[in-house]
Amino acid sequence: MEGGPATVLVVDDSRTKRYLLVSWLSRAGFTVLEAETGGEALARVGVDPIDLVVLDVRLPDLSGFEVCERIKAAHPAMPVIHVSAHAVDVVDRAQGLTRGADAYLAEPIEPEELVATAHAVLRYYRARQRAELLAERLLGLADTTVAMHSAPNLARLLEAAAAGAAQIFKSPAAVVAETFDGDCVAGIAAGPGGTATIVPWLVDDSGVPIGTTVRRDDPAGWGLVDWPAGDTVTVAAARLREDRPPLYVVVPTATQTARTPVLVQLAQAVASAVEAQRSFDEEHRIAVTLQRSLLPRRIPEINGLDLAVRYEPASAQTEVGGDFYELVMLDGHLLLAIGDVAGHSLHAATVMAELRHAVRAYAVEGHQPGEILERVNELMRTLLPTELATICVLLLHPPTGRVRLASAGHLPPALSLDGKVEFVQHSAPLLGVRARRPPDLEFVLPAGATLVFYTDGLIERRDTTIDDGLAALAAAAGRIDDDLDRFCDRLLVELAPPEIQDDVAVVALRRR
């Protein structure tokens with residue numbers, strides 16, 4: 001990013017004096033532009049690529065002090081040197097420096113002094129510009145790192161990385177990485193402030209060492225975006241381990257400073273975020289596999305009944321949750337249970353497994369739903385005194401439709417019949433609390449009626465009340481698809497968010 005010779009604008013209404021200043025600066029290697037008046041100088045500063053202004057104090061239209069002030073107001077990082085052909089007192093010098101000038105030279109001006117002063121102020125301002133650029137880029141790097149680590153998946157991470165690189169370097173950018181399934185993709189951004197997208201892209205990774213390396217490449221080999229004409233691309237390749245593929249951050253070479261410090265740090269930050277995402281995804285897969293192994297392996301086939309279940313783990317939760325369900329035939333009756341242990345952790349999942357097995361065990365002993373919950377509650381309070389859970393237990397006799405139901409603080413099942421939906425309320429304290437429990441609710445499930453059981457992940461939202469969620473469920477359950485599996489899928493589509501924030505369990509039961 002370092003340019004060639006500096007460009008100096010000499011502003012003086014005296015042709016002779018201007019000629020001398022231009023000659024001295026030109027011989028010293030500067031590119032020199034000229035202006036006779038303050039107005040002309042202000043017009044040129046806003047248009048021409050000027051690095052330094054050498055400005056006479058006395059001009060025919062504006063004072064040099066005023067011109068300097070206006071230049072500094074619009075371009076704080078542009079150095080100004082005042083020159084004066086007249087004898088000046090301390091007040092003039094002080095005024096010039098106070099109003100923004102970086103140096104004040106008075107007659108007789110020596111060529112060496114002018115050139116040395118010009119080099120001195122340019123060194124300072126170039127160092128200042130480099131520091132400000134680095135600070136701005138490091139701030140952008142910090143923002144990008146936060147965005148990458150907040151991404152819910154690898155695709156969003158690469159989009160955040162590409163958008164961040166484009167913002168940091170004010171240019172097109174691409175970030176290429178291999179997915180955890182072995183596909184190579186790229187996050188690309190056409191420029192700062194634009195929307196990043198994901199596209200497939202293949203890279204030859206042979207010979208890329210461990211660590212971070214930087215090289216210049218022909219942009220034709222990285223035809224992901226429209227790179228600036230006449231420039232190469234700079235590619236930072238980061239590889240954390242021998243068993244990990246490298247990833248690449250690609251930007252125009254003209255955006256880079258010596259040693260490319262921010263690009264290197266960005267590539268390392270992307271690699272670190274990708275590795276964290278990989279670990280997160282692997283843990284999530286293991287956790288979900290474990291959780292599914294704790295749930296029923298198959299749905300029983302029962303004459304006169306249709307059954308369907310859906311279980312969806314939270315999209316962005318590494319830890320497993322405590323949602324569970326049970327479906328099993330015992331002594332001619334269907335035992336149906338659905339529950340939710342408080343918390344999201346492996347511990348919550350193990351508590352869920354203990355409760356599920358306890359419900360089955362007490363049901364096998366022949367107890368009715370309310371007695372099952374009493375015994376499970378006593379078990380929890382004795383062995384798991386710090387845990388809380390909600391649960392709904394139902395025993396159904398398929399030939400007659402007779403139902404006994406008991407709840408422990410769980411959301412009420414929805415009963416849908418002929419387009420009308422009502423909630424089966426059975427208010428009772430949740431498990432883990434010592435309190436009296438009401439008698440079982442007994443009723444007959446009519447032929448053609450459907451009961452929908454669910455956990456709170458289906459209807460609870462941060463931006464709505466639970467009543468709104470129940471109303472939405474009632475509206476969706478007003479029409480029951482012939483295929484209950486399709487009905488459960490539709491519930492998830494209509495009620496659950498695209499990125500599921502909490503585990504969702506749904507059990508649908510229809511009596512034919």
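I began with helix 6 and listed its buried residues: Leu154, Leu157, Leu158, Glu159, Ala160, Ala161, Ala162, Gly164, Ala165, Ala166, Ile168 and Phe169. A reminder to myself before going on: this is a predicted model.

**Entry 1, more on helix 6.** I noted that helix 6 is mostly covered, with 12 of its 16 residues buried. Next I checked its length. Helix 6 covers residues 154-169, and at 1.5 Å a residue its 16 residues should span 22 Å; I found the end C-alpha atoms 22 Å apart, so the two agree. Then I looked at both ends. At the N-terminal end I found Asn153 as the cap, with a side-chain oxygen 3.3 Å from the backbone nitrogen of Ala155. Just after the helix, I saw that Lys170 takes a positive phi of about 50°.

Is Thr179 buried or exposed? I read a relative accessible area of 16% for Thr179, which is under the 20% cut-off, so Thr179 counts as buried. I placed Thr179 in the loop between strand 6 and strand 7 (184-189). Leaving aside neighbours within four places in sequence, I found Thr179 in contact with Leu154 and Val185. Leu154 was already in my notes, as one of the buried residues of helix 6.

Which residues touch the most other members of the largest nonpolar core? Among its 50 residues, I got Leu355 and Phe453. Helix 8 (residues 346-364) gives the most to this core, with eight residues. Setting aside its neighbours within four places in sequence, I listed its contacts as Leu336, Ile338, Cys392, Leu394, Leu405, Pro413, Ala505, Val506 and Val507. Apart from this core I found another, of 34 residues, including Leu157, Ile168, Ala173 and Ala236. Leu157 and Ile168 took me back to helix 6, where both are buried. A general point to keep beside this entry: in soluble globular proteins, nonpolar side chains tend to be buried together.

How many cavities of 30 Å³ or more does the whole structure hold? My search turned up two. I wrote down its lining as Ala177, Glu178, Ala238, Arg239, Leu240, Arg244, Pro245, Leu247, Ala271, Val274, Glu275 and Arg278. Strand 6 (173-178), strand 10 (233-239) and helix 7 (261-293) are the elements that give two or more residues to that lining. Helix 7 supplies the largest share, four residues.

Methods
Residues numbered from 1 in each chain as written. Predicted model: local features only at pLDDT ≥ 70, side-chain atom pairs only at ≥ 80, totals over all residues. Heavy atoms only, no water. Core = buried A, V, L, I, M, F, W, Y, C linked by side-chain atoms within 4.5 Å. Buried < 20%, exposed > 50% of the residue type's maximum accessible area, 1.4 Å probe, protein only. Contact = heavy atoms within 4.5 Å. Expected span 1.5 Å × (residues − 1). Polar contact = N/O pair within 3.5 Å; in protein donor to acceptor, adjacent residues only side chain to side chain. 1 Å grid on protein atoms, 1.4 Å probe; cavity = no way out; pocket = protein on both sides within 12 Å on 5 of 7 lines; lining within 4 Å. Points joined across faces, edges and corners; volume = space filled by probe spheres on them.
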